[in-house]
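Have your viewer ready and the selection tool at hand. We will go from stop to stop, with something to select at each one.

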Amino acid sequence: MTHTTVVMLTQQNPAGELVDASTPLINIEDQGLTRGDGVFETMLAANRKVRKFEAHLSRLTGSARILDLPLPQEEKLRSAVQLAVDSALAGPQTVLGEEHTVKIIISRGTPEEGAHTWVTVAPSSPTIVRQRQEGVRAMLLPRGHDPADDSAYPWLLAGAKTLSYAVNMSVLRYVGKHGADDAIWVTDDRRILEGATSSVIVAKRSGDQRVLYTPEPAHGILPGTTQGAIFKGARQAGWELGYGPLYPQDLLEADAVWLASSVRLLAPVTHLNGTPLALDSALTDELMGYLAG
Ligand code: PLP
């Protein structure tokens with residue numbers, strides 16, 4: 001029994017139709033499946049309303065453009081997403097209300113049928129909700145190369161959220177075998193990049209000055225919509241903003257470090273390679289407040 005609700009956008013129903021997720025829906029030769037050739041967005045719905053939909057749509061548009069994939073008409077996509085969200089099974093209740101995880105996927109499809117789009121909605125996972133409260137133990141791991149170097153070569157798809165997430169999933173299995181919950185990738189010279197599925201945010205206070213840092217999003221990492229929303233709110237609240245470069249020592253000396261992403265929101269990093277980091281739940285609440293707007 002699947003807990004996932006699926007809406008497919010088809011030629012007959014471009015605004016999407018509910019389909020039975022327990023039946024075969026994807027062609028065995030779909031290139032999203034066989035090659036990871038496609039793009040996606042993962043979003044959070046609270047009380048059956050998708051949060052920061054505009055920011056996700058804008059990143060999806062960019063990803064689709066980078067991969068030469070067609071984007072459904074905006075109004076049709078919005079209706080398909082809302083249909084899926086409205087039809088989903090009950091989600092867990094949190095301080096935000098009822099929570100669901102919403103995905104939009106655009107796959108290359110088959111050469112015969114071409115690209116296609118679908119939306120899935122499932123109740124948010126209890127692990128993710130727990131990690132918001134308990135935080136995560138993170139491990140620094142090399143990315144293997146500096147993604148900023150990819151930016152000059154469009155075929156390397158820098159900044160696109162592609163379906164090719166096998167490396168992101170593999171690093172999570174790796175850290176799991178080594179007693180941690182999450183990874184923070186670094187370049188060979190130990191510059192901080194991003195989490196496996198999240199952006200890194202660092203808070204530093206000295207006297208009256210309060211600064212939030214994140215690695216420069218234009219440098220080949222995925223520009224996070226959560227980090228973007230938090231920085232927007234923080235700027236209005238008087239924080240200074242810094243865009244790296246950050247090194248492990250900056251995290252060890254910070255007042256707080258988080259991994260930020262749309263569904264988990266803000267997970268405080270409790271340990272870096274086993275060393276405890278400073279925690280500040282009042283700061284976490286403050287940054288969460290910027291996400292509420
Ligand atoms: N970086 C990577 C590699 C990600 O996969 C994600 C989200 O999945 C993020 C950052 C955070 O992006 P967002 O805040 O838009 O969810």
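Start with P245, which sits in the loop between β13 (240-242) and α7 (248-252). Keep in mind throughout that this is a predicted model.

Next, select R48, in the loop between β3 (38-46) and β4 (49-50).

## Two helix pairs

For the next stops, remember that two packed helices are described by the angle between their axes and the distance between the axes.

Select helix α2 (residues 53-66) together with helix α3 (residues 74-87); they pack at an angle of about 125 degrees, and their axes are 13 Å apart. That angle makes α2 oblique to α3. Turn the view to see how the two helices cross: the crossing of α2 and α3 is right-handed. To see the contact itself, show the side chains of F53, E54, L57 and L60 in α2, which meet E74, L77, R78 and V81 in α3. Colour this contact of α2 with α3 by class and you will find 5 nonpolar residues, 3 charged ones and no polar ones.

On the α6 side, pick T226, A229, I230, G233 and A234; on the α8 side, pick L287, Y290 and L291, and you have the contact. By class, the contact of α6 with α8 has 6 nonpolar and 2 polar residues, with no charged ones.

## A pocket and a cavity

A handy way in is to select L9, T10, A115, H116 and T117, the closest to the pocket's centre of the 22 residues that line it. Two or more lining residues come from each of β1 (5-9), β6 (97-110) and β7 (114-123). Which element gives the most to this lining? That is β7, with 4 residues. The lining of this second largest pocket is made up of 9 nonpolar, 10 polar and 3 charged residues.

For the last stop, look inside the protein. The count comes to 1 cavity of 30 Å³ or more, and the largest cavity holds about 50 Å³ of space. Select its lining: L193, E194, S199, V200, T214, P215, P217, I221, L222, P223, G224 and Q227. At least two of the lining residues are supplied by β10 (192-195), and at least two by β11 (199-206). Coloured by class, the lining of the largest cavity shows 7 nonpolar, 4 polar and 1 charged.

Notes:
Residues are numbered from 1 along each chain as its sequence is written. This is a predicted model: local features need pLDDT of at least 70, side-chain atom pairs count only at pLDDT 80 or more; totals for chains, interfaces and linings use all residues. Side-chain values use heavy atoms; hydrogens and water are left out. Axes are lines fitted to C-alpha atoms, for helices over the stretch in contact, and angles run from 0 to 180 degrees between N-to-C directions. Angles under 35 degrees count as roughly parallel, over 145 as roughly antiparallel, 65 to 115 as roughly perpendicular and the rest as oblique. A crossing is left-handed if the near helix is turned anticlockwise from the far one by less than a right angle, and right-handed if clockwise. Contact means heavy atoms within 4.5 Å. Ala, Val, Leu, Ile, Met, Phe, Trp, Tyr, Cys and Pro count as nonpolar, Asp, Glu, Lys and Arg as charged, and the others, Gly among them, as polar. On a 1 Å grid over the protein atoms alone, a cavity is a set of points where a 1.4 Å probe fits but cannot get out, and a pocket is an open set with protein on both sides within 12 Å along at least five of seven lines; lining residues have an atom within 4 Å of a point. Grid points are joined across faces, edges and corners, and a volume is the space filled by probe spheres set on the points.
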